[in-house]
Amino acid sequence: MMHRYDELWAGLGLDLDAHDRLLKALPPTYYEVYLKQENRPRGMEYFDFVINEIHGLRIKELQEFRQAGGKVVGTFCLYVPEELILAAGGVFVGLCAGIEVGTARAETVLPRNICPLIKSFMGFKLSRICPYFESCDLLVGETTCDGKKKAFEVLADFAPVYVVEVPQKKGPRDRELWLGEIRALAARLEELTGKKITPETLRAAIVKVNAKRRALKRLAALRKADPPPISGRDALLIYQIAFYDDVDRFTAQVNALCDELEERVRRGEGVVPPGTPRLVITGTPMAIPNWKVPYIAETSGAVIVAEELCTGLRYYEELTDERGETTDELLASIAARHLEFDCACFTPNLKRIQKIGLLANEYRAKGVISYILSFCDPYAVEHYQVEKGLRDRNFPVLKVETDYSEHDAGQLRTRIEAFIEMLTGGANTRTE
Ligand code: BJ8
């Protein structure tokens, strides 16, 4: 049962009726996808609590922080470094949305046939139903895909927006441009918060975020066990919460969960029987509460053991070098770290393709789901390379192109079940 915070929500200017409809939609889904799972780790209680209070206690914390003079910065992409926001004394929140809400409003300013993630965040803002959006003092967008890049121009009519230019290649000239963008963002954040970014604040922020990433890496490594001690759905939920929660508290909770999972692995205890077919998911991010495909896969006889997603490996894999002496050296480390992971917006992007194969190998996956949000050109076109790379390594791949609606859930289940059946039968072909 979600608690109500009407005064807080009204104070933020939310449309309370529309917000109520959103809140009502979530509990049955959450029960079905999460709470019904058997043999969940006890440590998931904290993350259930965070979801239950996602529009309550965390928003209250953000408001208290703002009332004390703090600034909240919203982002939409991994290429906007959270370390910088923290070093400038701000708080970072991820604003990508994974639910079909506010579509009618979004379509007044966007084309109908656009990626659901973009439509969803625009719908959230225009319908005034997201307390995170309404808590932000600045939104930082980026020039990754064309849809987002142009959507930020529209968004700027409704909220303060700053856009960083992300290069499309990773050569020396691109790295130089990117470092300049990181420096400029640092200056913009200092202007927003009125606080200087110093080597000390920057290093402390890097150490803090590295600790969060290390905890997530630890969690990921435990999923190599057969049986895995935690479901793919629960791991995804944790990655999604990483974009909202207080960094230190989240890190401590993930580490506490890992202590429990280590015990489970030692006892050979898991969430599925040993030998359950293991899957890797790769592709576009799954923003909260987009759990559709993992839910279907894990209720069709498989278990997801790794995600080559921004809500997964791309978020935590690379750490930032903590060793620089000056602000500029540390900014350079942040810039370098952010060009280490591989979004399909870059060209060429073959390291991503190799990574998926290595991941599938390391996690002993039987197959890979290539997950693409509808109208996402970068990932849809790059699927060709993904499939080719996986075929070379003898990994079967299932391409799933979908949106946030439930209208294709039945059809998806049929396809995913057939894929899993094929994997367990030992066949090795493509399923389209
Ligand atoms: S680093 S994946 S978070 S850009 S799904 S909006 S690409 S049309 S979200 Fe992304 Fe940063 Fe890359 Fe990650 Fe466009 Fe595709 Fe939509 Fe996307």
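A pocket, on a grid over the protein atoms alone, is an open set of points with protein on both sides within 12 Å along at least five of seven lines. Keep that in mind. One caution before we start: this is a predicted model.

Let's take the pockets. The largest pocket holds about 730 Å³ of space. Its lining has 45 residues. Which of them lie nearest the centre? They are Phe76, Leu117, Thr144, Lys148 and Pro285.

By residue type, the lining of the largest pocket divides into 29 nonpolar, nine polar and seven charged.

On to the second largest pocket. Here the space is about 360 Å³, and the lining has 19 residues. Thr29, Pro289, Lys292, Tyr404 and Glu406 lie nearest the centre of this pocket. Helices H2 (16-35), H14 (292-298) and H19 (409-424) each give two or more residues to the lining. Which element gives the most? H2 does, with five residues. The types in this second lining are ten nonpolar, four polar and five charged.

Now the core. In soluble globular proteins, nonpolar side chains tend to be buried together. In this model, the largest nonpolar core has 155 residues. Phe47, Leu84, Leu216, Leu219 and Ile238 touch the most other members. Helix H11, residues 199-222, supplies the largest share of this core, with eight residues.

Look at Leu216. What does Leu216 contact, leaving aside neighbours within four places in sequence? The list is Ile238, Tyr239, Ala242, Phe250, Val254, Tyr315 and Tyr316.

Last topic: aromatic rings. The count comes to 17 aromatic pairs. Take Phe76 and Phe133. Their ring centres are 6.0 Å apart, with 50° between the planes, and the pair is tilted. Why does this pair tie together separate parts of the sequence? Phe76 lies in the loop between strand E1 (72-75) and helix H5 (82-87), while Phe133 lies in helix H8 (residues 131-134), so the pair links parts that are 57 residues apart in sequence. Are these two residues buried or exposed? Both Phe76 and Phe133 are buried.

Phe76, Phe121, Phe133 and Phe152 form one aromatic cluster.

Note on methods:
Residues are numbered from 1 along each chain as its sequence is written. This is a predicted model: local features need pLDDT of at least 70, side-chain atom pairs count only at pLDDT 80 or more; totals for chains, interfaces and linings use all residues. Side-chain values use heavy atoms; hydrogens and water are left out. On a 1 Å grid over the protein atoms alone, a cavity is a set of points where a 1.4 Å probe fits but cannot get out, and a pocket is an open set with protein on both sides within 12 Å along at least five of seven lines; lining residues have an atom within 4 Å of a point. Grid points are joined across faces, edges and corners, and a volume is the space filled by probe spheres set on the points. Ala, Val, Leu, Ile, Met, Phe, Trp, Tyr, Cys and Pro count as nonpolar, Asp, Glu, Lys and Arg as charged, and the others, Gly among them, as polar. Helices (H or I, at least four residues) and strands (E, at least two) are DSSP runs, numbered from the N terminus. A nonpolar core is a set of buried Ala, Val, Leu, Ile, Met, Phe, Trp, Tyr and Cys residues joined through side-chain atoms within 4.5 Å. Buried means under 20% relative accessible area, exposed over 50%, partly exposed in between (1.4 Å probe, protein chains only). Contact means heavy atoms within 4.5 Å. Rings of Phe, Tyr and Trp (its six-membered ring) pair if their centres lie within 6.5 Å; planes under 30 degrees apart count as stacked, over 60 as edge-to-face and the rest as tilted.
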